[in-house]
Amino acid sequence: MLREETFSVRTTAREQILLITPDVQRALGAMTKGDGIATIVVPHTTCAISVNENADPDVLDDLTKALRALVPKVKFAHGEGNSDAHFLSMLIGCSLSWPYRGGKLILGTWQGFYFVELDGPRSRKVTVYVNE
């Protein structure tokens with residue numbers, strides 16, 4: 001049976017990376033105490049989700065600067081002016097599949113789930129799915 005839990009993320013800048021590990025864990029824990037693979041999805045085309053280091057807060061600023069450096073100043077045809085965000089979202093990805101045991105995410109010592117805003121500030125949704 002497919003189950004899902006959705007939570008909101010509010011960003012305050014055009015490009016921002018936010019730790020969402022506690023939110024993902026809460027959503028997962030509300031659905032299961034078992035073992036399996038969860039799928040975490042951001043149903044938007046100008047943001048992404050990733051797993052990265054959660055120990056040093058400087059990493060988030062470094063990653064944001066590096067993402068910005070990936071897209072040179074080019075003249076995109078898309079009238080909304082956010083084709084750079086669409087491109088970066090496509091590179092990073094809008095979903096992850098991740099194992100859990102006993103209803104808890106199996107993460108490495110330094111790993112955390114991150115919501116990657118590329119065209120904010122906005123209110124976004126993240127959905128966690130399990131199939132048990």
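Predicted model: local features only at pLDDT ≥ 70, side-chain atom pairs only at ≥ 80, totals over all residues.

Author: The crossing of helices H2 and H3 is right-handed. The axes of H2 and H3 come within 10 Å and cross at roughly 115 degrees. Angles of 65 to 115 degrees count as roughly perpendicular, and H2 and H3 are therefore roughly perpendicular to each other. On the H2 side, the contact is made by Leu67, Arg68 and Leu70; on the H3 side, Asp84, Leu88 and Ile92 take part.

Leu70 belongs to helix H2, which spans residues 58–70, and Leu70 is among the residues that touch H3. Leu70 also contributes to a nonpolar surface patch of about 430 Å², together with Phe87, Met90 and Leu91. Helix H3, residues 83–92, gives the most to this patch, with 3 residues.

The C-alpha atoms of Leu88 and Val41 are separated by 16 Å, and the two residues are 47 places apart along the chain. Val41 is located in strand E3, residues 36–41. Leaving aside residues up to four places away in sequence, Val41 touches Cys94, Ser95, Lys125, Val126, Thr127 and Tyr129.

Strand E8, residues 123–131, is the next point of reference. The loop between strand E7, residues 111–117, and E8 holds Pro121. The peptide bond that leads from Gly120 to Pro121 is cis, with omega near 0 degrees.

Beyond E8 there is a salt bridge to consider. The structure holds 9 salt bridges, among them one between Arg3 and Glu132, whose closest N and O atoms are 3.8 Å apart. Arg3 lies in strand E1, residues 2–10, and Glu132 in the segment after strand E8, so this pair ties together parts that are 129 residues apart in sequence.

Technical notes
Residues numbered from 1 in each chain as written. Heavy atoms only, no water. Patch = residues over 30% accessible without salt bridge, like charges linked within 9 Å, V, L, I, M, F, W, Y side chains within 5 Å. Areas by Shrake-Rupley, 256 points an atom, 1.4 Å probe, with all protein chains shown as cover. Salt bridge = Lys/Arg side-chain N within 4 Å of Asp/Glu carboxyl O. Helix = DSSP H or I, 4+ residues; strand = E, 2+ residues; numbered from the N terminus. Axes fitted to C-alpha atoms, helices over the stretch in contact; angles between N-to-C directions. Parallel < 35°, antiparallel > 145°, perpendicular 65-115°, else oblique. Left-handed = near helix turned anticlockwise from the far one by under 90°. Contact = heavy atoms within 4.5 Å.
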